[in-house]
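Subject: Structure for your files

Hello,

Here is the structure you were expecting, with notes on what turned up in it. Please read the notes with the model open.

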Amino acid sequence: MLIFTNRTLRNGTDASVFTPSFAPGSTQLGLASVQRAAGAAAGWTVSDPQAAISDAQGVEALLPLFRGRRSLLVYLHGNNNTPEACFERCALLESFYDLEVVGYSWTSEGLLSDGSDLPGVQPDGTGDETDLRSVRAGNRTEGGIQRRIRRYRQAKTNAQDSVDALARFLRLLAIARLQADARPFSVAAHSLGAHFLQYTLEVPSAGESLATAHNIVLLAACVRAAGHRDWLAKVRPKGQVFVAYNKADSVLFGAYIADGGQVKLGADPGPELLQSPAVRYVSFSHAEVGFGGHGYFVMDGMPGKTHRLFERVFGSSRDIELDEYPRQVYPVGCDADGLTCYMAAPREVDGGG
C-alpha cells in the first residue's frame with residue numbers, strides 16, 4: 001500500500017518511520033510503501049520512505065495505481081489512529097472490497113505538533129478511534145475521560161493545522177488522475193477525517209482538486225450537523241456525495257458531549273439537508289452496524305446489501321444503477337425525492353425521529 005502523510009518521517013523499516021510530529025501550516029508531504037511483515041512476525045514493513053517529496057515524485061508514485069486493475073480509493077482516517085491503525089484499516093478496505101487503497105496518515109493521536117504529550121495529561125497508549133465511546137455527561141470531568149476529551153480536541157486542532165498539506169495531496173491526486181486518463185478514484189473520509197476535509201476546502205483550489213474524484217463518501221462524519229449544507233455544497237465530484245449516518249453511533253455521542261452538545265453530521269444530519277441530485281444521505285440508524293455503530297463499513301458479517309453498497313460507491317460506481325429501483329440497493333428504499341435512503345426502517349424514538 002502507498003501511504004502519504006504530513007507526519008515527520010525518519011529512516012527505518014517499520015511503522016516507527018511515521019513519527020507523531022508534524023510541521024503546522026506546512027505543505028510538506030512524505031510517502032512510503034507499507035506491507036504486512038512477512039512470516040510470523042507481527043506488524044508492518046515500511047519501505048522507501050521519502051520525507052519530503054516533490055510534486056513530480058508524488059504524481060509518479062500515484063500514476064501506476066490509476067493504471068492498475070483495481071479501482072482506487074483514497075482513505076482519510078479519523079480520531080486517534082496511529083500509523084499502524086491507518087495501515088490496518090487500509091488493508092481491511094482492500095481485502096473487503098478488492099480495491100487499491102491509498103491512505104493518508106495524519107497526527108490524530110491528540111499530541112502536540114512536536115509529538116509530545118499535552119501539558120498535564122498523563123501518557124495513555126491504550127486508546128483507539130472508539131475512545132470517545134466512554135464519554136458521558138456524568139463522567140466528562142473525570143481524569144481518564146478528560147484525557148480523551150483533551151486529546152480529541154487537540155486532534156481537531158492538528159487537522160486544522162494540516163490543511164495545506166492535505167490540499168497539496170489532493171492536487172497531486174488530481175494531476176495524476178488527469179495524466180493517467182484511466183481509472184477514476186473516490187475518497188472516503190471517516191469520522192474526524194471529515195472534519196479535516198471540511199477545513200481543507202477553505203484552502204484555495206482544494207475544492208477544484210477534490211472535484212476530480214468520482215465519489216466522496218463521508219462515513220460517521222464527526223463534524224457539526226448544523227450548517228453543513230454550506231460547506232458540503234463546495235464538494236462537487238464527478239459522481240456522487242454520500243453522507244452516511246447512524247443515530248446510535250456511540251463514538252459520535254461522546255463527541256457530542258465533548259463539544260458541548262454539538263450534534264454531529266454522522267449521527268443526525270437534521271432537517272436542513274443539501275438538496276442536490278448528486279447528494280445522497282444514507283441512514284444506517286436501526287440497521288446492523290456492529291458494536292458502537294461507528295465502523296459499519298468494515299464490520300465483520302455485514303449484510304450483503306451493505307457490502308454491495310460500499311463496494312459500488314468506494315469503487316467509483318453509482319449506488320443505484322439506471323436499470324434498478326431503490327429497494328434493490330437500499331433495504332427500505334428512499335424518500336420520494338431520492339435524497340435520503342435507508343438501510344433499515346426509520347422509527348420514532350421518544351416522540352421524535
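**The second largest pocket**

The second largest pocket has a volume of about 340 Å³. This is a predicted model, in which local features need pLDDT of at least 70 and side-chain atom pairs count only at pLDDT 80 or more, while totals for chains, interfaces and linings use all residues. Residues are numbered from 1 along each chain as its sequence is written, and side-chain values use heavy atoms, with hydrogens and water left out.

The pocket is lined by 19 residues, and those closest to its centre are R89, D128, E129, T130 and G295. By class, its lining has 6 nonpolar, 8 polar and 5 charged residues. Here Ala, Val, Leu, Ile, Met, Phe, Trp, Tyr, Cys and Pro count as nonpolar, Asp, Glu, Lys and Arg as charged, and the others, Gly among them, as polar.

Lining residues have an atom within 4 Å of a point. Grid points are joined across faces, edges and corners, and the volume is the space filled by probe spheres set on the points.

**Cysteines**

How many disulfides does a search of the whole structure find? It finds 1, a disulfide being a pair of cysteine sulfur atoms within 2.5 Å. The partners are C334 and C341, with their sulfur atoms 2.0 Å apart. The disulfide is right-handed, because the torsion about the S-S bond of C334 and C341 is about 100°.

Its two ends have separate burial classes, where buried means under 20% relative accessible area, exposed over 50%, and partly exposed in between (1.4 Å probe, protein chains only). C334 has 22% relative accessibility and so counts as partly exposed, whereas C341, at 0%, counts as buried.

C86 is also buried, at 0% relative accessibility. Its sulfur is 4.2 Å from the closest cysteine sulfur, in C90, which is too far for a bond. For C222 the closest cysteine sulfur is in C86, 18 Å away and again too far for a bond. C222 is buried, with a relative accessible area of 4%.

**The chain as a whole**

The chain has 9 helices and 12 strands. Helices (H or I, at least four residues) and strands (E, at least two) are DSSP runs, numbered from the N terminus. The radius of gyration of the chain is 19 Å, close to the 20 Å that the globule rule gives for 353 residues, so the chain is as compact as a globular protein of that length. That radius is taken over C-alpha atoms, and the globule rule is 2.2 Å times the number of residues to the power 0.38. The C-alpha trace spans about 55 × 55 × 45 Å along its principal axes, and buried residues make up 54% of the 353 residues.

Strand β8 (residues 185–190) runs parallel to β9 and is joined to it by 4 bridges; two strands pair if DSSP finds at least two bridges between them. V187 stands opposite I216 in β9. Strand β10 (residues 241–245) also runs parallel to β9, joined by 4 bridges, and there V243 stands opposite L218.

A220 is buried, with a relative accessible area of 0%, and its phi is near 50°, a positive value in a residue other than glycine.

**Other local points**

N80 has a positive phi too, near 55°. N80 lies in the loop between β6 (72–76) and α2 (83–97), and at 15% relative accessibility it counts as buried. Most residues other than glycine have a negative phi.

Helix α5 (residues 192–200) is largely enclosed by the rest of the structure, because 8 of its 9 residues are buried. Among them are H195, F196 and Q198.

Regards

Note on methods: On a 1 Å grid over the protein atoms alone, a cavity is a set of points where a 1.4 Å probe fits but cannot get out, and a pocket is an open set with protein on both sides within 12 Å along at least five of seven lines; lining residues have an atom within 4 Å of a point.
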